[in-house]
Amino acid sequence: MAASTETFLNLVGGRQAPAASGATLDSVDPATGSVWATIPRGGAGDVDDAVTTASQAFDGWCGLPALQRAAHLRAVGETMARHSRELAEIESRDNGKPVAETIAGDLPACVQMFHFHAGAADKIHGDTVNVAATSFNFTRREPIGVIGIIIPWNSPLSLVSAKAGAALAAGNTVVVKPAEQASCSVLRWGAVLEEAGLPPGVVNIVAGLGEEAGDALVCHPDVPRVTFTGATGTGRVITERAAGTLTQLHLELGGKSPNIVFADAD
């Protein structure tokens with residue numbers, strides 16, 4: 001008898017749901033080479049629903065006093081801490097990282113990042129410049145809107161915590177597209193957000209292929225900024241696709257850490 005597989009779902013508007021098409025992708029355990037879970041194969045329609053939901057949630061979220069946003073972010077960190085063992089095991093099974101590393105390193109860092117960003121939420125200030133004895137110029141920092149977050153397979157929870165935490169602290173809402181090779185821990189994180197009491201629609205998660213769900217997020221006219229960590233080649237494609245809507249980009253690309261193995265190495 002074949003082993004049963006776990007099912008993970010998207011998060012849109014505070015509700016977990018499959019892809020609108022019903023299509024799924026298999027998640028393979030790299031330790032065994034066997035399928036251990038299924039994730040939604042989200043498409044352009046799913047991304048559009050998530051962006052619309054995030055746009056609708058934006059006014060309420062950015063309108064909260066910064067200290068209230070901070071309280072929500074602390075609650076996320078505290079809830080992640082309670083579920084750290086489960087999240088670590090899911091992530092390690094999904095991407096092959098040793099579970100001890102995930103438990104000892106990644107999950108504590110995720111919790112710390114949410115507490116850090118909670119502390120930063122009420123410390124976002126502009127500048128005042130005296131231009132004359134009777135006048136001055138000032139700047140005011142404001143949230144930009146819906147942030148698209150695309151993350152790679154190697155450290156999903158760490159990267160989504162860093163990116164989403166900063167965006168939420170500043171008053172933005174987000175749509176996350178995790179890597180199709182390792183989406184399960186981020187999809188499970190969606191249920192953690194619900195438990196933490198984060199308002200529906202502030203964070204939305206759509207799993208799927210990069211050329212389908214990822215492309216739809218990059219090209220969506222209601223997503224003014226996209227942050228991506230991953231391969232340089234994919235970053236080039238995102239840059240080209242984002243040009244059509246003049247979407248602002250934050251890219252952290254690979255290839256910056258070469259390893260040299262000398263001939264006398266064992």
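**A helix pair and some aromatic rings**

Helix 4 and helix 5 run roughly parallel to each other, a label for angles under 35 degrees. This is a predicted model, in which local features need pLDDT of at least 70, side-chain atom pairs count only at pLDDT 80 or more, and totals for chains, interfaces and linings use all residues. Residues are numbered from 1 along each chain as its sequence is written, and side-chain values use heavy atoms, leaving out hydrogens and water.

Let's start with the helices, which are DSSP runs of H or I with at least four residues, numbered from the N terminus, as are strands (E, at least two). Two packed helices are described by the angle and the distance between their axes. Here, helix 4 (residues 99-120) and helix 5 (residues 156-169) have axes that come within 9 Å and cross at roughly 5°. Axes are lines fitted to C-alpha atoms over the stretch in contact, with angles from 0 to 180 degrees between N-to-C directions.

Now for the aromatic rings. Rings of Phe, Tyr and Trp (its six-membered ring) pair if their centres lie within 6.5 Å; planes under 30 degrees apart count as stacked, over 60 as edge-to-face and the rest as tilted. The count comes to 3 aromatic pairs. One of them joins Phe 8 and Trp 36, edge-to-face at 5.8 Å centre to centre with 70° between the planes. This pair links distant parts of the chain, 28 residues apart: Phe 8 sits in the loop between strand 1 (6-7) and strand 2 (10-12), and Trp 36 in strand 5 (residues 34-40).

Methods: Parallel < 35°, antiparallel > 145°, perpendicular 65-115°, else oblique.
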